[in-house]
Amino acid sequence: MDHNRASRRTFLTLAAATPLVATALASCGDSGPGQAGGDEATDWILTGQPAEGVRSGTVQKWNETHDDQRITTSSFQNDAYKAKIKTAIGAGQAPTIIFGWGGGTLRDYAQSGHVDDLTAWFAQNPGVKNRLLDAAFAAGTVEGKIYAIPTETVQPLVLFYNKKLFKQVDVEPPTTWDELMALVPKFNAAGIAPFSLGGQSRWTSMMWLELLFDRIGGPELFESIYDGTPNWTDPAAIDALTKVQDLIKAGGFVKGFASITADSNADQALLYSGKAAMMLHGPWTYGSMKSDGGDFVSGGNLGYVNFPAVAGGKGDPANSFGNPAQYLSVSSTASQAQKDIALAFFKDGLNTDEEAHEWVATGAIPVVKGVDATFAGLEDEQWLKFTYDLVTNAPSFGQSWDQALSPTEAETLLDTIEKLFGLAITPQQFAETMNGAIGS
């Protein structure tokens with residue numbers, strides 16, 4: 001057991017808390033690919049609309065009023081960013097502002113001295129911390145010290161479905177795992193893939209395991225794994241791994257899912273084009289389905305529910321999984337002038353009311369307290385209220401495994417998940433491989 005790890009429990013229970021906000025930031029570094037010239041700060045952001053527009057717009061607004069504290073941005077797709085930022089930090093060429101998801105990766109950065117301790121800065125600026133959801137700080141905290149500011153949105157996983165296809169087949173969205181499995185042959189008989197999945201991205205497959213582990217073993221099961229106990233071979237874990245392979249063998253996922261990527265949004269297109277009936281995914285897909293799916297969202301054809309319960313399972317069916325927030329850190333290799341720009345941006349340019357409203361307009365729940373008061377009368381009011389209630393009513397809100405675990409454990413996890421979903425290994429082999437990776 002790694003006693004240096006923050007308790008998994010601190011990641012949980014967003015219930016009764018108000019949402020948060022987030023943004024992109026700025027700060028700067030020395031020299032190299034991740035650095036701007038002079039004393040400008042650099043910031044790498046993720047692509048994909050509509051979120052990319054909010055991120056880049058926040059920095060643009062800052063630059064328009066801070067000629068002497070400018071920030072330059074570079075954009076990367078999700079998977080490409082994860083590989084590039086790891087290389088850049090290792091080479092001492094990180095951007096001034098380091099975007100991430102907290103958890104195990106941030107812990108490695110902090111313990112290796114790659115990011116600055118922001119604890120004293122937050123104490124000197126209590127208004128910044130008090131504005132954001134308290135629970136969001138856990139994944140940005142390492143050994144009691146804050147290394148990242150929460151930003152952007154709360155992202156609970158959602159089971160989306162196509163209402164037109166459900167009406168065509170004359171069925172209802174599942175409330176239990178048995179009901180979910182019973183839908184598979186009905187949609188297949190109608191020539192419709194039951195579930196869309198961007199399996200090539202691997203983390204999309206991971207989401208199925210996160211929720212099955214929770215529903216069957218309760219949040220304590222992964223919490224024990226996170227704390228270093230080799231519980232991947234727990235009977236509840238084996239049951240969850242077996243159930244997902246049962247779904248694959250039954251034809252639950254669209255044919256060729258292993259070659260579909262989430263970065264291309266091809267998995268979302270299968271849902272809104274009527275080729276797949278359901279999709280387990282993050283709430284960020286709502287905005288892209290709204291912008292890319294014609295009248296799919298505006299016409300009221302997108303349905304959404306929480307992941308179904310599993311009969312006899314220990315987990316509360318109201319539990320959720322996903323990202324409590326996104327996080328921004330300051331590179332320890334940045335110059336003091338660049339760090340000053342980043343911290344000034346954190347204080348006055350990030351998580352503003354204007355930015356919070358922009359996130360809400362995309363259909364997302366920002367990490368700013370009290371944001372639900374702005375939902376009334378909005379075009380996406382029903383969706384926003386569903387997501388907000390999902391987060392605030394969840395007895396447990398677990399952080400995505402690939403962010404909670406160390407980078408080495410997470411990579412082993414993703415590689416092994418690919419084999420599990422490809423039916424190349426058994427549930428027991430998956431579990432034994434993962435037990436062997438603990439502490440790596």
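This report walks through a predicted model of one protein chain, from its overall build to single residues.

## The whole chain

The chain holds 18 helices and 15 strands. Its radius of gyration is 21 Å, close to the 22 Å that the globule rule gives for 440 residues, so the chain is as compact as a globular protein of that length. Along the principal axes, the C-alpha atoms fill a box of roughly 65 × 50 × 40 Å.

Burial comes next. Of the 440 residues, 59% are buried. The accessible surface comes to about 16,200 Å². Carbon and sulfur atoms own 50% of that surface.

Contacts also tell how the chain folds back on itself. Take the contacts with a separation of 6 or more: 79% of them link residues 24 or more positions apart.

Two packed helices are described by the angle between their axes and the distance between the axes.

| Helix pair | Angle between axes | Axis distance |
|---|---|---|
| α8 (residues 203-217) and α17 (residues 407-421) | roughly 80° | within 9 Å |
| α1 (residues 51-65) and α13 (residues 336-348) | about 110° | 12 Å |
| α17 and α18 (residues 427-437) | about 170° | 10 Å |

Start with α8 and α17. Their axes cross at roughly 80°. That makes α8 roughly perpendicular to α17, since angles of 65 to 115 degrees count as such. On the α8 side, the contact uses W203, S205, M206, W208 and L209. On the α17 side, it uses L413, L414, I417, L420 and F421. What kinds of residues make up the contact of α8 with α17? There are 9 nonpolar residues, 1 polar residue and no charged ones.

Now α1 and α13. These helices pack at an angle of about 110°. They are therefore roughly perpendicular to each other. T58, V59 and W62 of α1 make the contact with I341, A344, F345 and D348 of α13. This contact divides into 5 nonpolar, 1 polar and 1 charged residue.

The last pair brings back α17, this time with α18. The angle here is about 170°. Angles over 145 degrees count as roughly antiparallel, and α17 and α18 are therefore roughly antiparallel to each other. From α17 come E409, T412, L413, T416, I417 and L420. They meet P427, F430, T433, M434 and A437 in α18. The tally is 7 nonpolar, 3 polar and 1 charged.

Look again at α17. L413, I417 and L420 take part in its contact with α8.

## A helix with buried residues

Helix α12 spans residues 284-292. Which of its residues are buried? T285, Y286, G287, S288 and M289 are. Their cover includes β8 (158-162), α11 (266-272), β10 (276-281), β11 (302-305) and α15. Just after α12 sits G294, with a positive phi of about 60°.

Several loop residues deserve a look in the structure.

Begin between β1 (41-46) and α1. P50 lies in this loop. A cis peptide bond joins Q49 and P50, with omega at about 5°.

Move on to the loop between α10 (235-249) and α11, where N265 lies. N265 is not a glycine, yet its phi is positive, about 65°. Is N265 buried or partly exposed? Its relative accessible area is 24%, so N265 is partly exposed; buried would mean under 20%.

The loop between α13 and α14 (353-361) holds L350. N351 lies in the loop between α13 and α14 too. L350 counts as buried, at 3% relative accessibility. N351 also counts as buried, at 3% relative accessibility. The phi of N351 is near 60°, a positive value in a residue other than glycine.

Finish with V368, in the loop between β14 (365-366) and α15 (381-392). V368 counts as buried, at 5% relative accessibility. V154 is 214 residues from V368 along the chain. The C-alpha atoms of V368 and V154 are separated by 9.6 Å.

Notes:
Residues numbered from 1 in each chain as written. Predicted model: local features only at pLDDT ≥ 70, side-chain atom pairs only at ≥ 80, totals over all residues. Heavy atoms only, no water. Axes fitted to C-alpha atoms, helices over the stretch in contact; angles between N-to-C directions. Helix = DSSP H or I, 4+ residues; strand = E, 2+ residues; numbered from the N terminus. Parallel < 35°, antiparallel > 145°, perpendicular 65-115°, else oblique. Contact = heavy atoms within 4.5 Å. Nonpolar A, V, L, I, M, F, W, Y, C, P; charged D, E, K, R; others polar. Rg over C-alpha atoms; globule rule 2.2 N^0.38 Å. Buried < 20%, exposed > 50% of the residue type's maximum accessible area, 1.4 Å probe, protein only. Areas by Shrake-Rupley, 256 points an atom, 1.4 Å probe, with all protein chains shown as cover.
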